[in-house]
Amino acid sequence: MVGVSDWHASGPGPDPAPAPVGRPLLSLTLAALMDDVHAHSGAVYLLTPGEQVLEMAVMAGLPRAFAAPWERVGLSAPVPVAEAARDRRLVWIPGEEEMARHYPRISVVLPYPFALAAMPVATDWATYGAIFVTWPGTRPTELSDRERDHLSAACDRLAIRLERAVEEGHPIRPEPDLLAPASAATVAGTLGTVEAARMVARLPYGLCALDLRGRVTFANATAAELLGLPVSGLLGTQLWASVPWLNDPVYEDRYRAALFGQQETSFVALRPPADWLSFRLYPSTSGLTVRITRARAVARAGGGGLQHGDTGTRLVTISQVLSLAGALTEAVGVQDVVQLVADEIAPAVGSQALVILGSQAGRLHVLGHHGYPDPHVVERFDGMPLTEQTPGAHALITGVPAFFESRRQLEHLYPARDATPDPMAAWAYLPLIASGRPVGTCVLAYAEPHPFPADERAVLTSLSGLIAQALERARLYDAKHQLAHGLQAALLPHSLPSLPGIEAAARYLPATRGMEIGGDFYDLVPTSGEAAAVIGDVQGHNVTAAGLMGQIRTAVRAYTTVGQLPGEVMRSTNRLLIDLGSELFVSCIYLRLDPAHGKVVMARAGHPPPLLKRPDGKVRVLDLAGGPLLGIDAAATYPTTDVALAPGSLLVLYTDGLIESPGIDIEDALAGLAERLTEIGDRPLDELADSLVQHSGTAEERVDDVALLLLRTRDI
């Protein structure tokens, strides 16, 4: 504990009542509060006038860099201080597992054993901000009544002071942060006596002192020799900045872990070319003492990474966590999430297999798995009622993670598992909680018995929060994707009618970006002795475009059925689109085909021109008369063009997605389509349709959807 007298602040003791508003009110209040409840760090936030934002006004006990991501937080942000101010209540987080469960974003950045309390600074009429304080993870898991009283009283007194300051027109400004005084940079100043300094100099191991910011304030000669730098080159610097081979986030993370948890930590590092050194960190509220020795034995295959406990397993570093978080944001569907967890997270934590479980209608569902040689071992859980006594269901229902270091531990709680053929030997069952509710369970399995120390449990629980958010987004995307494709399939023809004198084939391909849905459409409508065909493209690639496409296709069918001519069908559809008030436009080609008389009448509304392959093999682009896009001008007219069609002629109607490709001129793309048609145009229509869409310039990466309608005349 650091008393009030230890801080870089002057003023009264725990009761700040006599202090006028002009004094460092926030600093004094925070220092006194931390002294009263024996906290080792804390901060005061003030609500920014005119904004729903909390801004850190002063921090004490630890460098502000530790809380840098939360210097400014929105009142609606999922962090304890915002929740305390928003809900006007105490928020208590007793340890790293609770932090990971409820605030995974914080736990990712600070995966250390510490407890936190956040309280609102508010009167009955107004909220002025919030305070948080932290303790090492070794403290009791419950706040005592005394601690609650001190926290509440300090916040109430501060709220009254802030209210008075506002009334008097003296707004409170941010104040300098409070850190315990750094040790002096001289040996005598640090150790008190010359004799003590001589004693330290005689020690056979390296010894150095770091302040709260990680800067070296003292180093003995042995430390300098082991690190390969003179003492003068170390003083005032951070070890990971001045010693090149310590420039790794892993080692800085150990310094942060020691200060936050106020617990001894250690790591080994390789000093090139082949010297392994052991670093042991002893924290206090004023800094760290670091003991440096030569490591007796280090497994070379394990490298110089950070290790925990006695397992020899590397912890996931901050840089790895950030990389994993970035990778998960790129996951689109559920299977993408499963694959990313298998490729990125499982190897990082030493797991050999994984299962992602979800639930629906009171039953477990296996959303994906990886690493199990026999898939039946996993798939037998699919459809199992949530009421079954299984660790996966229990984690999903309760939201509490479970760690089993061996098969014996698992079978002790779940005896029915002794008959299962699961080849794994240890398991971590991590509930996936997003938006305050469980969305699934991530099961990490290990081929050998595997201990789960507290720091590893905290990291795994933190990662489960990231996986949960990615899984929730992915399931929502998959649901929208299925809905969109169902809608698209319902709005397009299930099959084309068989008509005398006409062969027909059609294809539709969704865009490969976004929701993979669009407004491209086609239809073939039988009429008396003739056939009507339409192909069009509604602007956009979303459900709105698909819905409007269905309305347009239905309208064209209706106008065709009542006997309107091609130009009239286009005019009626144009007026309907304007009457609907849609902001989307539509390109379209409508035609009336008479195979008995060998002709076709066509009308065009801003659509790419069709191609005609004659029986002699020649291909030409039909330059049709036309009008503007549908939905622009209610008075627009759409002139028609008559084209002769001998038996064996082939009409190719398409949307722009078939020919448009980044970096390719539209005329060149159209010429390429005509050339392709010349080469393969005599093939059966279904084979021809498949070939045209597969060999288009956008076959693999489509920013637009594609519709294709082929019509070939034949002798009646």
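Two strands are taken to pair if DSSP finds at least two bridges between them. Strands (E, at least two residues) and helices (H or I, at least four) are DSSP runs, numbered from the N terminus.

Good morning. The model before you is predicted: local features need pLDDT of at least 70, side-chain atom pairs count only at pLDDT 80 or more, and totals for chains, interfaces and linings use all residues. Residues are numbered from 1 along each chain as its sequence is written, and side-chain values use heavy atoms, with hydrogens and water left out.

I begin with the sheet. Three bridges join β4 to the antiparallel strand β5, residues 114–122. There, W92 stands opposite A117 of β5.

Axes are lines fitted to C-alpha atoms, for helices over the stretch in contact, and angles run from 0 to 180 degrees between N-to-C directions.

How do α1 and α5 pack, and at what angle? Helix α1 (residues 25–37) meets α5 at about 170 degrees, with the axes 10 Å apart. The two helices are therefore roughly antiparallel, a term for angles over 145 degrees. Among the residues in contact are L25, L33 and V37 of α1, and H150, L151 and L158 of α5.

Terms used: Angles under 35 degrees count as roughly parallel, over 145 as roughly antiparallel, 65 to 115 as roughly perpendicular and the rest as oblique. Contact means heavy atoms within 4.5 Å.
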